[in-house]
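This briefing covers a few local features of one protein chain. Please look over the sequence and the model before reading on.

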Amino acid sequence: MTRKLLFLGCNTDQVPYLEVLQNQDWKIVGSDLNNEAPGKIFCDSFHNIGYDDFQGLIKLGIKEVFTENDKVFTAAAQFAQKGAAHFSKHFNIPFPSEESVDTCLDKTRFYESFSKNNIPIPKTWTIRNIDELKCKINESNAEWFYLKSDFS
């Protein structure tokens, strides 16, 4: 049985992911507010629905008969994670909760959660290119980094 993958956001930045998935054993169900999204051609079915249209996404999932055996993916804007979380909850698909997504998207809530759980608040830098990233890695003695993209 081929599982379904809801792919939220099919713009140019998502095309490389869609190209990789295209030859896998998935029925790719694409969704994008732009009906002419370039990734549309890589989808087995496509729906003109934005990732913030929660009701529309649920209707899409019902029409496409999504179940807990299917998956959701997005590499679109950060707030697409909210749509993915909402959809996943409705269809019992394992995915971070909306509350977890909200915490990650809201820096104040994120740091409050760190403090509440006795996790040290990490140092934060704005990195504009690969050279700045390499420099920060080299000058820091940190064991790990969390890289958060503006386009995550």
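Contact here means heavy atoms within 4.5 Å. The model is predicted.

- Helix 2 spans residues 54-63, and its buried residues are Gly 56, Leu 57, Ile 58, Leu 60 and Gly 61.
- An α-helix has 3.6 residues a turn, so residues three or four places apart point the same way.
- Just after helix 2, Val 65 has a positive phi of about 55°.

**Lys 4**
- Lys 4 counts as buried because its relative accessibility is 13%, and the cut-off for buried is under 20%.
- Beyond its neighbours within four places in sequence, Lys 4 is in contact with Trp 26, Lys 27, Glu 64, Val 65, Phe 66, Asp 70 and Lys 71.
- One of these contacts, Val 65, is the residue with the positive phi just after helix 2.

**Cysteines**
- The structure contains zero disulfides.
- For Cys 43, the closest cysteine sulfur is that of Cys 10, at 4.0 Å, which is too far for a bond, because a disulfide needs the sulfur atoms within 2.5 Å.
- Cys 43 counts as buried, at 13% relative accessibility.
- Cys 104 counts as partly exposed, at 43% relative accessibility.

Notes
Residues are numbered from 1 along each chain as its sequence is written. This is a predicted model: local features need pLDDT of at least 70, side-chain atom pairs count only at pLDDT 80 or more; totals for chains, interfaces and linings use all residues. Side-chain values use heavy atoms; hydrogens and water are left out. Buried means under 20% relative accessible area, exposed over 50%, partly exposed in between (1.4 Å probe, protein chains only). Helices (H or I, at least four residues) and strands (E, at least two) are DSSP runs, numbered from the N terminus.
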